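Let's take a walk through this one together, stopping at a helix, a helix pair, some rings and a few single residues.

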Amino acid sequence: MTSPAEEAGRNARPVLGEPEIEAVARVLHGGQLGHGPETEAFEAELSRFLGVPDVVAVGSGTVALHIALLAAGVGPGDEVLVPSLTFCASVQAILAVGARPRFVEVSPRTLCVEADSVLAAVTPATRAVMAVLYGGRAVDLSGAQDVLDALGITVIEDAAHAFGSYSGAERVGATGALTCFSFDPIKNLTCGDGGAIVPRDDREARVARSLRGLGIVQSPAQRARVTSYSVEGFGMRAHLPALNAAVGRVQLGRFAEVESRRKQLWRWYEGRLRRLEGVALVDVDVDRTVPFNCVVRAPARDEVFRAMQAEGVGVGVPYPPNHLQPAFAEWHRSLPVTEAVGGEILSLPFHPAMSDAAVDHAVSALEQAVRFCREEVSR
């Protein structure tokens, strides 16, 4: 039995149990560990869950973005609008296709891009917008969609945080955008590692499957029945192995439980954080969102971070702004809002295994750290 302090000592963690272990053992005993029936069953179950015609499972969320960009025809000379406040994987996927990022401001309330900021950043070279669904919150670009469509600009949703969330009445992934999910160890649904693409049409689905399978047109099942196969273009080894798919299938089967607990935890945090003066909770629209994390904007963030870590509380900073990173200096732009919030954001411990008492422990530690830092400043 872990204590609330121990539960709050991890910023995030997967919740796995005997069913996942049994599923992996079943696949190991079956001997087909690569792409095969297990992966395709997972794809079919994801499609039913999301209410979409097709899902293409891949090896990671990053490679999902890479393949989605290629499927959308993005390449050298093209520009992709992307928020600076995202994990660097979003930017690396853009560079991997030979395109260049153009960093965009976010809303300080949601940490997501908005229609106005997107339209203000469009240039003649813009080919795509990578909308990052920060914290799991759906991004509404309806105010910009007509202009983007007229310019031939594709919206690619980086929904790494947002599996299970809703956009209006539909799950994220079912609204017609080219959507990418991550299933890494700490995401809302985990495969151990993995990702998925929701294509917009049959052509994108075929392209995505070819790209994930080294450019080979035939599926593994089809190749097993013939003496040759056809490589018709560039591709990579980016399939989702059966072992990972087996974990994902179990996770999907009990996702309703995880969805409910994540919402409960976020609301518990919301209630406890109201009394903290000067600390602002980043809004995730929890009624429609399966929250990935719980992020606050805190005064003297770096000092608060160190004080909480010293008390054993698992805090994090998601994420350092990318336009300030050395690797992306070539594409630096002035983004005062991003720089301001980037110096304030702090993620609190958040995972379904946490108890309400662990939330109370984390909030108490935050309150003490903020008070201590204020007293230090006033001396």
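**A guided tour**

Start with helix H12, residues 301–310, whose buried residues are Arg301, Val304, Ala307 and Met308. Those four cover an arc of only 130° around the axis, which puts them on the same side of H12. Turn to the face pointing away from that buried side and you'll find the exposed residues Arg306 and Ala310. Carry on just past H12 and you run into glycine 312, which takes a positive phi of about 85°. Keep in mind throughout that this is a predicted model.

Next, look at how two helices meet. Helix H2 (residues 18–30) and helix H10 (residues 242–253) have axes that come within 9 Å and cross at roughly 145°. The crossing of H2 past H10 is right-handed. On the H2 side, the contact is made by Pro19, Glu20, Ala23, Val24, Arg26, Val27 and Leu28. H10 brings Ala242, Leu243, Ala246, Val247, Arg249, Val250 and Gln251 to that contact. Sort the residues by class and you get ten nonpolar, one polar and three charged.

Now for the rings. The structure holds ten aromatic pairs. One of them joins phenylalanine 42 and phenylalanine 183 edge-to-face, with 5.8 Å from centre to centre and 65° between the planes. This pair links distant parts of the chain: phenylalanine 42 belongs to helix H3 (residues 37–50), while phenylalanine 183 sits in the loop between strand S8 (178–182) and strand S9 (195–198), 141 residues apart. Are these two buried or exposed? Both phenylalanine 42 and phenylalanine 183 are buried; phenylalanine 183 has a relative accessibility of 0%.

Phenylalanine 183 also pairs with phenylalanine 181: the ring centres are 6.5 Å apart and the planes lie at 10°, so this pair is stacked. Phenylalanine 181 is buried too, with a relative accessible area of 2%.

Valine 198 lies in strand S9 and is buried, with a relative accessible area of 2%. How far apart in space are valine 198 and valine 56? Their C-alpha atoms are 6.5 Å apart, although 142 residues separate them in sequence.

Leucine 211, in helix H8 (residues 202–212), is the next stop. Leucine 211 is buried, with a relative accessible area of 8%. Leaving out residues up to four places away in sequence, leucine 211 touches Ile67, Leu70, Ala71, Phe234, Gly235 and Met236. Leucine 211 and valine 58 are 153 residues apart in sequence and 10.0 Å apart from C-alpha to C-alpha.

Finish at histidine 161, in the loop between strand S5 (154–158) and strand S6 (166–167). Its relative accessibility is 6%, and since buried means under 20%, histidine 161 counts as buried. What is histidine 161 in contact with, leaving aside its neighbours within four places in sequence? The partners are Leu133, Tyr134, Gly135, Gly136, Lys187, Asn188, Val290, Phe292, Asn293 and Tyr319.

Note on methods
Residues are numbered from 1 along each chain as its sequence is written. This is a predicted model: local features need pLDDT of at least 70, side-chain atom pairs count only at pLDDT 80 or more; totals for chains, interfaces and linings use all residues. Side-chain values use heavy atoms; hydrogens and water are left out. Buried means under 20% relative accessible area, exposed over 50%, partly exposed in between (1.4 Å probe, protein chains only). The arc is that of the directions from the helix axis to the C-beta atoms. Axes are lines fitted to C-alpha atoms, for helices over the stretch in contact, and angles run from 0 to 180 degrees between N-to-C directions. A crossing is left-handed if the near helix is turned anticlockwise from the far one by less than a right angle, and right-handed if clockwise. Contact means heavy atoms within 4.5 Å. Ala, Val, Leu, Ile, Met, Phe, Trp, Tyr, Cys and Pro count as nonpolar, Asp, Glu, Lys and Arg as charged, and the others, Gly among them, as polar. Rings of Phe, Tyr and Trp (its six-membered ring) pair if their centres lie within 6.5 Å; planes under 30 degrees apart count as stacked, over 60 as edge-to-face and the rest as tilted.
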